[in-house]
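Hello,

Here is the structure I promised to pass on. Please open it and keep it beside you while you read my notes below.

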Amino acid sequence: MVVLKGVPALLSPELLYALARMGHGDEIGLGIPQLLEAVLKLLPLDTYVEIPAAVMELVPSDQTRGLQTPVWKQYESLLHQAGCTKPLEKVERFAFYERAKKAFAVVATGETALYGSIILKKGVLGPNDLL
């Protein structure tokens, strides 16, 4: 448990360490909206890429049957609150797996939402963020 002012309790010491060690352009995969909200309080998103947040695209059979992904709306809302107005990137299933393998860190959560995993690309802090 983290016992520091201003640090969300959902962020373990190991996760804080991983976030601190990440460099510009490194990626982290995670699930669960509450954890995403906590991470976005500390992690600047990359503004130099077209889309800094990605989810796995629905496989064709799920697209055909019209599977809904309500968790994506939550993610987009949280990203918007964090200043990211770009839509989520949809990445083909196996390409998403490969990208997750290359991520700087992967956070295992108890997320049960279908297509609930998300990959974030870390950016840099701007001059106003350092005040």
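**Salt bridges and burial**

E27 is buried, with a relative accessible area of 11%. Buried means under 20% relative accessible area, exposed means over 50%, and partly exposed is in between (1.4 Å probe, protein chains only).

A word on the source before going on. This is a predicted model, in which local features need pLDDT of at least 70, side-chain atom pairs count only at pLDDT 80 or more, and totals for chains, interfaces and linings use all residues. Residues are numbered from 1 along each chain as its sequence is written, and side-chain values use heavy atoms, with hydrogens and water left out.

How many salt bridges does the structure hold? There are 5. A salt bridge here is a side-chain nitrogen of Lys or Arg within 4 Å of a carboxyl oxygen of Asp or Glu.

Start with E27 and R99. They form a salt bridge, and their closest N and O atoms are 2.9 Å apart. E27 lies in strand β1 (residues 27–30) and R99 in helix α5 (residues 93–101), so this pair ties together parts that are 72 residues apart in sequence. Helices (H or I, at least four residues) and strands (E, at least two) are DSSP runs, numbered from the N terminus. R99 counts as buried, at 18% relative accessibility.

Now look at K121. It forms a salt bridge with E27, with the closest N and O atoms 3.0 Å apart. K121 sits in strand β5 (residues 118–121) and E27 in strand β1, so the two tie together parts that are 94 residues apart in sequence. K121 is also buried, at 18% relative accessibility. Salt bridges link E27, E89, R99 and K121 in a network.

Another salt bridge joins the side chains of E98 and K101 (3.1 Å, N to O). Both residues are in helix α5, 3 residues apart, so about one helical turn separates them. Are they buried or exposed? E98 is partly exposed, with a relative accessible area of 38%. K101 is exposed, at 63%.

**Two helices side by side**

Next, find helix α2 (residues 33–40) and helix α4 (residues 70–81). Their axes come within 10 Å and cross at roughly 15°. That makes α2 roughly parallel to α4. Axes are lines fitted to C-alpha atoms, for helices over the stretch in contact, and angles run from 0 to 180 degrees between N-to-C directions. Angles under 35 degrees count as roughly parallel, over 145 as roughly antiparallel, 65 to 115 as roughly perpendicular and the rest as oblique.

Which residues make the contact? From α2 they are P33, L36, E37 and L40, and from α4 they are V71, Q74, Y75, L78, L79 and Q81. Contact means heavy atoms within 4.5 Å. By class, the contact has 7 nonpolar, 2 polar and 1 charged residues. Ala, Val, Leu, Ile, Met, Phe, Trp, Tyr, Cys and Pro count as nonpolar, Asp, Glu, Lys and Arg as charged, and the others, Gly among them, as polar.

**Two more residues**

D62 is in helix α3 (residues 60–64). It counts as buried, at 11% relative accessibility. Leaving aside neighbours within four places in sequence, D62 is in contact with L67 and Y115.

N128 lies in the segment after β5. It counts as exposed, at 65% relative accessibility. N128 and L10 are 118 residues apart in sequence, and 26 Å apart in space, C-alpha to C-alpha.

Best wishes
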